Amino acid sequence: MSNAPAFIPFTRPSFNQETIDAVADALRSGWVTSGPKSAEFEATLSNYFGGRPVRCFANGTATMKIALQVAGIGEGDEVITTPISWVATSNVILSVGAKPIFVDIDPVTRNIDLLKVTAAITPQTRAIMPVYLAGLPVDMDQLYTLANQFNLRVIEDAAQAFGSQWNGQKIGSFGDLVSFSFQANKNLTTVEGGCLVLNNADEATLAEKFRLQGLTRQGMDGMDVDVLGGKDNLTDVNAVIGLHQLKQLPAYQTRRAALARQYFDAIRAGLQSAGLENLPLELPVENFSETNWHMFQVVLPLEQLDCDRTQVMSELKEIGIGTGVHYPAITGFTLYKNQGYKTSDTPIAECVGRSILTLPLFPAMADEDIRRISCGFIEILKKHRKN
Ligand SMILES: *Cc1c(COP(=O)(O)O)cnc(C)c1O
């Protein structure tokens with residue numbers, strides 16, 4: 001019998017018994033698709049975001065696509081975004097017929113470098129779609145100053161930023177269109193799902209149409225379809241999970257921040273005692289007021305190692321530690337290369353995309369897990385340090 005410690009995945013959702021019971025109740029209720037629970041979830045979220053209208057969708061990708069449609073973005077339009085994101089961000093831009101314009105990232109925040117946005121604006125530019133990687137927002141004052149100056153819509157890909165803040169205000173409680181994902185890895189999950197925070201009732205009605213076949217109902221039996229919509233509604237079974245996750249969110253957030261704190265301390269102490277204090281391993285921005293600690297990501301000093309990221313990941317896996325890559329530069333994917341995009345056009349993103357590594361972070365982790373991961377990780381760095 002092996003007594004090796006249990007495998008630690010890079011993330012894992014937490015569902016308490018109350019949530020599981022509520023799902024069972026929803027299944028027994030006789031109404032399982034969108035109905036009273038999704039309406040309640042939308043109302044609760046709207047309250048959470050200070051009263052702004054909120055609509056829920058089947059996933060974060062549909063949420064962002066509908067945000068673009070609500071903003072009227074389509075054929076011939078350009079949308080400025082970041083190459084370091086889940087490919088959904090730019091796929092939705094393509095899927096409405098618009099063109100993603102990739103601006104390089106800031107190596108410290110790993111988010112779009114807003115100072116480089118102005119140079120990418122053309123007469124076709126209609127919107128900026130920033131991504132808050134690992135939950136860390138961009139400078140929101142700078143973002144909205146830019147948007148106002150050039151008369152651009154902002155579609156915030158806040159998929160990873162539920163619970164993040166800017167100057168004490170929740171992300172989503174201000175700004176233009178703000179899109180969240182409730183996919184299983186996200187800080188708040190409905191298994192799959194997403195929500196969009198909108199500006200007014202007209203936008204909310206339009207979002208509802210795009211969500212369900214373009215349909216408007218009148219009276220008992222009247223219906224009309226005047227725009228092309230899809231099938232992107234959130235079910236009540238999923239909404240019930242979201243309602244319960246929302247109650248637990250403050251506890252999850254506290255735990256995530258405590259674990260992140262422990263990572264900083266354990267990794268720094270470990271590098272020191274291994275004689276690696278000069279190794280340029282990059283840690284996340286040490287921000288404990290704004291980020292929701294969706295992920296804890298390091299950027300590996302590959303130039304000073306005799307191996308690549310794959311090797312580091314596989315050696316971590318051998319000692320029972322799961323890791324992830326969030327993300328390689330989107331412009332390196334075949335679909336994008338075939339459209340003429342080049343990773344070399346955004347060299348910082350290219351380098352970060354090759355070297356970034358997500359260490360495990362989720363609320364159910366133990367303090368001991370952080371110690372074990374940090375020690376194991378530093379031993380691997382030490383072993384592979386060039387001369
Ligand atoms: C998760 C995620 C999405 C997509 O959300 P889904 O719910 O998986 O469709 C988009 N952008 C970013 C940055 C994400 O992390």
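**Salt bridges, domain interface and ligand surroundings**

A search of the whole structure finds 16 salt bridges, a salt bridge being a side-chain nitrogen of Lys or Arg within 4 Å of a carboxyl oxygen of Asp or Glu. The structure is a predicted model, in which local features need pLDDT of at least 70 and side-chain atom pairs count only at pLDDT 80 or more, while totals for chains, interfaces and linings use all residues. Residues are numbered from 1 along each chain as its sequence is written, and side-chain values use heavy atoms, with hydrogens and water left out.

One of the salt bridges links E40 with K37. Their closest N and O atoms are 3.4 Å apart. Both residues lie in helix α2 (residues 36-48). They are three residues apart, about one turn of the helix. Helices (H or I, at least four residues) and strands (E, at least two) are DSSP runs, numbered from the N terminus. Side chains of opposite charge can pair when their charged atoms come close.

The chain is divided into domain 1 (17-242) and domain 2 (249-384). These bounds come from an automatic or database domain assignment. The centres of the two domains, taken over C-alpha atoms, are separated by 27 Å. At the interface, 38 residues of domain 1 are in contact with 37 residues of domain 2, where contact means heavy atoms within 4.5 Å.

The size of an interface is often given as the accessible area lost when the parts come together. Domain 1 and domain 2 bury about 2900 Å² between them. This is the accessible area (1.4 Å probe) that two parts lose on being put together, summed over both. Carbon and sulfur atoms account for 60% of it. Zero salt bridges are found across this interface. Polar contacts, by comparison, join 20 residue pairs there (both at pLDDT 80 or more). A polar contact is a pair of N or O atoms within 3.5 Å; within protein, one must be able to donate a hydrogen and the other to accept it, and residues adjacent in sequence count only if both atoms are side-chain atoms. On the side of domain 1 that touches domain 2, α4 (88-95), β3 (99-102) and β6 (165-166) each supply at least two residues.

The ligand is surrounded by 17 residues, each with a heavy atom within 4 Å of it. The closest are G60, T61, D157, S181 and K186. A polar backbone atom of G60 is 2.7 Å from an oxygen atom of the ligand. For S181, an N or O atom in the side chain is 2.7 Å from a ligand oxygen. For K186, the corresponding distance is 3.2 Å.

Two backbone features lie in loops. A cis peptide bond joins H326 and Y327, with omega about 15°. Y327 is in the loop between α8 (309-318) and α9 (334-337). N167 has a positive phi, near 50°. N167 lies in the loop between β6 and β7 (169-170).
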